[in-house]
Amino acid sequence: MVSIIKKIEFKLISPQEAKKLAVMEVTKSDLYDNDGFPVEGGPMDPRLGVIDPGLKCRTCGLTMEGCLGHFGYIELVKPVIHVLYANYIYKLLKITCRKCSRIMTKKVTQPKKCPYCGEEQIPIKFEKPYTFIEGENILNPLQIRERFEKIPDEDLKDLKFLGGRPEWLILTLFLVPPVLVRPSITLETGERSEDDLTHKIVDILRINQRLKESIEIGAPDFIISDLWELLQYHVATFFDNSLVGIPTSRHRSGRPLKTLADRLRTKEGRFRHNLAGKRVNFAARTVISPDPFISIDEVGVPLVVAKDLTIPVYVTKNNIEFIKTLILNPSWPSANYIIRPDGRKKKITDENREEIAKEIAPGYIVHRHLQNGDIVLFNRQPSLHRVSMMAHRVRVTPWRTFTLNICTCPPYNADFDGDEMNLHVLQNEEARAEAALLMAVPKHIRSPRYGGPLIGAEHDHVSGLYSLTKDGTEVSRETALQLLFEIGVEVELPNKNKFTGKEIFSYLLPKDLNIEFKSKSGVKTVIKNGKLIEGVIDANAIGREKGKIIDILEKEYGTEEVHKFIDRVSKLGIKWLEKLGFTIGLDDFEIVSKENEEKINSIIENGKKEVEKLIEIYKKGELECLPGRTAKETVEVRIMQIVSGIINSVRKVIEDSGVFEKENCAIMIAKSGARGSLLHLIQIAGAVGQEQSLGERIHRGYTGRTLSHFKENDLSLDAHGFVGSSFKTGLKPYEFFFDAVSGRGSLMDKSLRTRHSGYLERRLMNALQDLKVEYDGTIRDNRKIIVQFNFGEDGIDPSKSNWGTIDIKSIVQKFVK
Amino acid sequence: MNLEEAKEILPPKLYNQLKTEISNLSLSESQKEKIIEEVIKAYKSSLVEPGEAIGVIAAQSISEPATQLTMRTYHVAGSVQVQVTLGLPRLIEIFDARREPSTPSMKIYLKKSYDTKEKAAEISRLIKEIRIKDIADEVIIDLVNNAVEININNSLMKHYDLTINKIVKKLEELLPKFKISNKENKIVIKSDSEEIDIKELQKLRTKVIDLYISGIKNIKQVIVSQENDRWVLNTVGSNLKDILNVNGIDISSIKTNNIHEIYEVLGIEAARNAIIEEASSTMRDQGLDVDIRYIMLVADMMTVDGDIKPIGRYGVAGAKGSVLARANFEETIKHLTHAAVVADEDRLESVVENVMINQIVPVGTGMFELLYKPKKKEKA
């Protein structure tokens with residue numbers, strides 16, 4: 001039975017309790033004697049716990065696994081301040097009467113006079129990290145302790161100082177942590193290397209001893225106070241070695257020691273590294289590659305991985321035969337080891353297969369290989385949102401990489417330029433059930449962020465479907481059969497020899513689907529009773545984010561139906577393109593005629609002239625400034641307006657020439673919304689346009705000019721990043737350089753941004769993580785404070801909605817017809 | 001089911017949409033009923049489920065697209081608008097609840113009777129903050145007479161509807177210890193006491209240059225433009241409280257991007273709405289689609305205590321109930337020592353605390369336990 005922790009209390013520890021907690025007093029500063037055994041009464045005393053495997057603890061008799069270690073203590077000759085609480089000590093000192101020790105006020109400022117005994121107070125200063133000065137005199141810990149001892153309990157209660165007595169913040173007894181907290185490492189040379197904490201404890205012991213001796217022989221006061229100060233320093237740095245105002249304590253090699261507080265804080269500290277983040281077993285990581293022919297909720301797992309990752313199966317009467325065959329199988333699918341009812345593990349090898357197969361009985365646990373259809377979790381970092389980790393079904397492959405369907409790339413933000421992904425094998429039925437029901441890929445087709453489809457057809461699928469379903473595409477009976485067979489549709493084809501692409505696509509739709517929407521190119525697309533009657537299928541129909549058909553199937557026909565649809569539609573697109581032969585080359589961009597090329601050139605020339613005129617006016621100082629702008633800024637704004645005019649006219653020339661009606665592969669890709677836009681085509685065939693850096697024309701470079709190609713103070717288009725050439729004709733050297741400037745700019749921007757947005761994410765997550773929906777529909781935090789009475793004022797979950805709302809229009813239309 | 005019953009169940013926005021949809025078509029009663037039932041069914045099936053860790057989803061939904069927001073701070077070049085911080089820096093600014101945005105700005109619409117170009121220009125002159133430097137050609141130190149002289153630019157002064165006398169009066173008010181006289185366009189400021197050294201004159205000069213004369217404080221610039229047939233004053237700088245007293249402006253549609261100002265003038269609910277509007281428009285401007293409900297949740301979390309708390313160490317995250325959650329976030333040591341002093345306890349009621357101690361997180365499917373206890377099998 002696992003016990004459950006209900007709460008954790010935080011309190012101060014008293015010297016008495018600390019002494020009780022400890023098992024021994026540490027008195028000697030030596031670690032080991034000449035024979036290499038730990039010194040009795042030293043910091044490595046075996047009563048403090050064991051760190052060597054096999055040995056038993058002298059205190060509790062358990063081995064390394066069972067014994068958590070035991071504390072020791074050091075009696076400090078003179079009390080010292082606990083640095084981590086120095087701030088609290090200061091606050092208390094200020095408001096405690098120096099004579100009667102009553103708490104004078106609850107405010108932070110120090111009163112002049114005690115309201116109880118009328119004693120004049122002397123202002124107290126705090127010099128970080130642990131020095132307190134009253135007037136001119138340094139208050140030593142002994143004096144502070146005396147004052148604190150007299151504070152009545154009731155006064156502390158008023159202050160909410162409930163964790164214990166304030167005098168406990170002045171240490172008289174130093175707790176030595178168990179050796180398990182500070183294990184020593186034996187180097188290859190046989191030399192022992194001690195933990196930083198141990199070094200620090202030795203320091204404390206030495207100084208404590210010297211202080212004791214000095215007091216005993218009656219050494220002069222200054223020696224004693226120096227040693228006391230040193231003891232304070234060592235105890236302080238034991239707790240926190242990154243204190244401001246005192247030198248950091250260093251190792252012999254000059255490396256700063258890592259003491260208690262340093263172990264906890266920062267990203268690499270105990271909290272964020274070990275407590276909030278955990279390591280797991282039964283996980284695998286490797287490079288990913290695409291496989292368009294597996295389903296979107298599958299993941300291809302290399303055989304070597306499948307043989308290594310296991311699932312524990314409880315042997316019962318019902319599955320014992322199946323498990324025996326697994327154990328007897330010398331290759332995949334087999335099993336790796338068994339766990340006997342007494343908890344002992346036994347590895348399965350080729351030698352003992354038969355023996356083990358005979359041995360197993362109900363009550364045994366067998367760790368079997370990963371098999372096809374097992375539910376696993378699949379994840380890609382950075383895990384920015386919940387769809388960065390989803391449940392997939394295993395499909396074991398003979399290759400060396402994980403494979404996934406390209407349609408599932410967007411949620412993971414994955415590509416195949418060397419990305420790696422992680423796979424986790426779930427180890428119990430509850431986890432598998434939850435993963436299959438809540439985390440499976442088809443359950444996450446609709447994004448929780450905006451309520452639209454996040455998974456849909458991608459590049460080739462879209463252009464394939466576009467080409468297939470546009471007017472005039474006809475295929476022979478054989479091709480139709482071939483296509484439908486390859487995508488797994490089993491239907492009886494009507495008796496005719498020619499099939500339109502629209503007919504073939506219609507076989508993927510449910511028989512009662514009725515929708516009408518505008519396609520990407522603006523054509524109306526009509527689907528009636530599961531038949532595509534008019535229009536084309538493009539990104540607006542099946543694409544990610546916009547796909548209307550996917551949207552409706554998900555909402556009205558359920559996840560299973562969309563899942564099937566996406567699988568089939570993506571395969572159909574690819575298979576059709578294979579049949580068609582779909583490729584782009586340079587001649588696909590021969591879309592600007594000679595005549596139009598001249599037109600474009602003259603537009604650019606005219607623009608340049610216009611700019612020159614403007615610059616002339618500006619240089620004469622006759623330019624009328626825009627409100628709130630200097631003349632320099634005004635001229636920039638005006639030039640940018642001219643530039644956008646140029647680009648618009650260039651676009652118009654190309655658009656008006658009617659090239660987009662003549663379809664070649666490149667135009668088809670842009671038109672169907674598969675990839676790229678008309679803007680990109682214009683950049684390739686027409687003119688690239690203005691390159692920008694920091695939201696402006698490019699100005700950086702030499703004094704007064706961007707490159708040595710230009711004269712100083714030349715404000716013309718060419719000199720500041722206007723690229724009049726097209727990618728097809730090729731860029732001039734300086735144009736190429738400007739293109740590189742803007743490319744580098746956006747690259748830098750991206751890499752600098754992730755830092756900021758990462759921290760924003762961490763903050764948001766910490767602020768909102770404990771908000772959840774209660775059974776009454778309110779949203780509360782863990783103090784049970786109501787933050788919202790109804791989520792988003794209407795209680796709609798965006799991931800179950802239709803773009804954040806309910807599509808009343810289409811519901812009404814269903815009934816009207 | 002009829003519309004009346006639907007009104008009880010559906011949120012107002014959906015109800016109104018349903019009502020107009022139905023009334024637009026001539027439908028039989030039974031058809032109507034069926035439609036209403038269907039809409040209610042659709043609504044109920046899209047409600048959030050109890051136990052949903054909605055806070056985590058909200059945080060993810062906002063910060064995932066935040067990685068795509070540009071760091072580019074200013075408006076696209078080529079527009080004549082006021083420059084305003086945009087993108088990720090603006091979003092961070094909103095969630096940090098900065099007292100003053102890095103580019104405060106207002107958008108002021110005018111009342112119908114004032115909605116002309118002339119009136120807009122007039123009001124823009126009226127509200128612009130005027131300091132001496134805005135209307136003076138130069139401010140010089142007269143060493144002979146131990147005085148500071150201001151040469152007023154006549155046309156500028158007239159442009160802003162000021163007269164020398166008005167300025168002198170204002171100066172007398174602001175500088176009670178000095179004698180102020182004027183000769184035509186020259187204003188002379190002399191000290192009461194005869195002895196004044198150069199250092200002090202220098203100081204006086206810098207002070208005089210920046211003296212506030214008229215208009216509304218903090219409105220550093222006003223740009224008049226036309227938007228959808230209405231005249232709009234876009235300002236650099238924001239001062240909601242004083243702008244509200246200006247004649248002719250349309251109070252109901254005035255906008256500022258200073259959230260703290262809205263809080264002080266209009267209260268916490270207005271501030272909440274401002275946070276929602278600012279954050280979601282920042283996202284929208286960048287073409288990123290985030291459901292408004294998540295932004296609402298963040299805004300509600302920031303304003304739930306009645307004042308605006310930033311997201312972060314000194315605000316919402318620092319005020320968490322759980323010691324471990326706070327220690328995990330930032331300032332680990334501070335939170336642990338504080339917990340010890342005040343004898344705090346961690347009841348392990350939310351996410352990270354339970355992750356730390358390897359227990360099931362009480363969210364979603366971990367929120368409940370099984371009531372049914374299987375009978376113990378009797379040992380054979």
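Me: Which are the buried residues of helix 6 of chain A?

Reply: In helix 6 of chain A, the residues that count as buried are Leu227(A), Trp228(A), Leu231(A), Gln232(A), Tyr233(A), His234(A), Val235(A), Ala236(A), Thr237(A) and Phe238(A). A residue is buried if 20 or more other C-beta atoms lie within 10 Å of its own, exposed if 12 or fewer, and partly exposed in between, with C-beta atoms placed from the backbone. The model is predicted: local features need pLDDT of at least 70 and side-chain atom pairs count only at pLDDT 80 or more, while totals for chains, interfaces and linings use all residues. Residues are numbered from 1 along each chain as its sequence is written, and chains are lettered from A and ligands numbered from 1 in the order in which they are written.

Me: Against which elements do these buried residues of helix 6 pack?

Reply: They pack against strand 3 (71–81), strand 7 (170–176), helix 5 (196–216) and helix 7 of chain A. Contact here requires that two C-beta atoms, placed from the backbone, lie within 7 Å. The elements are DSSP runs numbered from the N terminus (helices: H or I, at least four residues; strands: E, at least two).

Me: What span should helix 6 of chain A have, and what span does it have?

Reply: The expected span is 1.5 Å times one less than the number of residues. For the 19 residues of helix 6 (221–239) that gives 27 Å, and the end C-alpha atoms are 27 Å apart, so the two agree. Helix 10 (198–209) of chain B, with 12 residues, reaches 16 Å from first to last C-alpha, close to the expected 16 Å.

Me: Why is helix 10 of chain B said to lie largely in the open?

Reply: One of its 12 residues is buried, so the helix lies largely in the open.

Me: Why is chain B called more spread out than a compact globule?

Reply: The globule rule is 2.2 Å times the number of residues to the power 0.38, and the radius of gyration is taken over C-alpha atoms. For 380 residues the rule gives 21 Å, whereas chain B has 30 Å, well over that value, so chain B is more spread out than a compact globule. Its C-alpha trace spans about 115 × 70 × 35 Å along the principal axes.

Me: How does the radius of gyration of chain A stand against that of a compact globule?

Reply: A compact globule of 817 residues would be near 28 Å, but chain A has 38 Å. Along its principal axes, the C-alpha trace of chain A spans about 110 × 95 × 60 Å.

Me: What makes a set of residues a nonpolar core, and which members of the largest one touch the most others?

Reply: A nonpolar core is a set of buried Ala, Val, Leu, Ile, Met, Phe, Trp, Tyr and Cys residues joined through C-beta atoms within 7 Å. The largest has 111 residues, among which Leu768(A), Ile54(B) and Val298(B) touch the most other members. Its largest share, eight residues, comes from helix 14 (292–303) of chain B. A second, separate core of 90 residues includes Ile487(A), Val562(A), Ile669(A) and Phe738(A).

Me: How many residues does each chain bring to the contact between chains A and B?

Reply: Chain A brings 88 residues and chain B 93. On the side of chain A, the largest share, 14 residues, comes from helix 24. That side divides into 44 nonpolar, 19 polar and 25 charged residues. Here Ala, Val, Leu, Ile, Met, Phe, Trp, Tyr, Cys and Pro count as nonpolar, Asp, Glu, Lys and Arg as charged, and the others, Gly among them, as polar.

Me: Why is Lys160(A) called exposed, and why is Trp803(A) called partly exposed?

Reply: Lys160(A) has 12 other C-beta atoms within 10 Å, so it is exposed. Trp803(A) has 14, and is therefore partly exposed. Lys160(A) has a positive phi of about 65 degrees although it is not a glycine, and Trp803(A) likewise has a positive phi, about 50 degrees. Most residues other than glycine have a negative phi, and most peptide bonds are trans.

Me: Which peptide bond has omega near -5 degrees, and where does its proline lie?

Reply: The bond from Trp332(A) to Pro333(A) is cis with that omega. Pro333(A) is in the loop between helix 10 (320–328) and strand 13 (335–339) of chain A. A cis peptide bond also joins Gln381(A) and Pro382(A), with omega about 0 degrees.
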